[in-house]
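Here are my notes on this model, as numbered points. Please read them with the structure open.

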Amino acid sequence: NMVNLVVDTNVFVSALISEVGASREVIRRCLLGRYHPCVSLALFTEYRALLGRHELYTNCALDAGERDALFRALMAVSRMTDIYFLWRPNLPDEADNHVLELAVAARAVAIATYNLADFVRSELRFPELRILAPAQLLKEYP
């Protein structure tokens with residue numbers, strides 16, 4: 001029973017920076033096929049841009065090549081999802097809209113994010129979609 005998931009950029013970056021913790025475990029489960037991550041062109045582009053922001057990784061155990069390898073591995077197990085209909089949930093941060101639209105288009109069960117407050121403020125409600133912090137996700141979808 002595949003758990004379709006959208007991994008927000010803050011979880012991806014956190015997984016790169018910290019070797020331990022819920023974010024890294026979420027990515028590990030994606031790579032092991034326990035979760036099925038879904039990406040859109042917009043999210044893929046955002047991941048790539050964040051990989052290039054080297055100041056984010058000053059305390060990171062992974063070097064640039066290893067971070068890139070982890071990104072490529074994650075993309076290899078991710079399903080590229082086309083978004084044909086833009087819901088425009090009107091989230092406070094415009095950049096979050098595409099993440100929510102992707103989750104809806106991919107029929108994801110959850111968005112893994114540390115940005116819970118903003119996603120909950122959507123003007124549109126998608127009751128079947130959960131907005132979960134990584135630790136919560138791991139608990140609810142072991």
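1. A search of the whole structure finds zero of them, where a disulfide is a pair of cysteine sulfur atoms within 2.5 Å. Cys30 is in no disulfide; the nearest cysteine sulfur belongs to Cys38 and lies 9.2 Å away.

2. A word on the basis. This is a predicted model: local features need pLDDT of at least 70, side-chain atom pairs count only at pLDDT 80 or more, and totals for chains, interfaces and linings use all residues. Residues are numbered from 1 along each chain as its sequence is written, and side-chain values use heavy atoms, with hydrogens and water left out.

3. Two cysteines are covered. Cys30 has a relative accessible area of 1%, so Cys30 is buried. Cys60, at 14%, also counts as buried. Buried means under 20% relative accessible area, exposed over 50%, and partly exposed in between (1.4 Å probe, protein chains only).

4. Helix α2 is mostly covered, with eight of its 10 residues buried. Those buried residues are Ala22, Ser23, Arg24, Glu25, Val26, Ile27, Arg29 and Cys30. They pack against β1 (3-7), α1 (9-17), β2 (35-39), α4 and α7 (134-140). Helices (H or I, at least four residues) and strands (E, at least two) are DSSP runs, numbered from the N terminus.

5. Now the helix pair. The axes of α2 (residues 22-31) and α4 (residues 64-77) come within 9 Å and cross at roughly 50 degrees. That makes α2 oblique to α4. Axes are lines fitted to C-alpha atoms, for helices over the stretch in contact, and angles run from 0 to 180 degrees between N-to-C directions. Under 35 degrees counts as roughly parallel, over 145 as roughly antiparallel, 65 to 115 as roughly perpendicular, and the rest as oblique.

6. Which residues of α2 and α4 meet? Ile27, Cys30 and Leu31 in α2 meet Leu70, Ala73, Leu74 and Val77 in α4. Contact means heavy atoms within 4.5 Å. The residues of this contact divide into seven nonpolar, no polar and no charged. Ala, Val, Leu, Ile, Met, Phe, Trp, Tyr, Cys and Pro count as nonpolar, Asp, Glu, Lys and Arg as charged, and the others, Gly among them, as polar.

7. Two backbone angles deserve a look. Gly33 follows α2 and has a positive phi, near 85 degrees. Arg107 is a residue other than glycine, yet its phi is positive, near 55 degrees. Arg107 sits in the loop between α5 (94-105) and β4 (110-112). At 70% relative accessibility, Arg107 counts as exposed.
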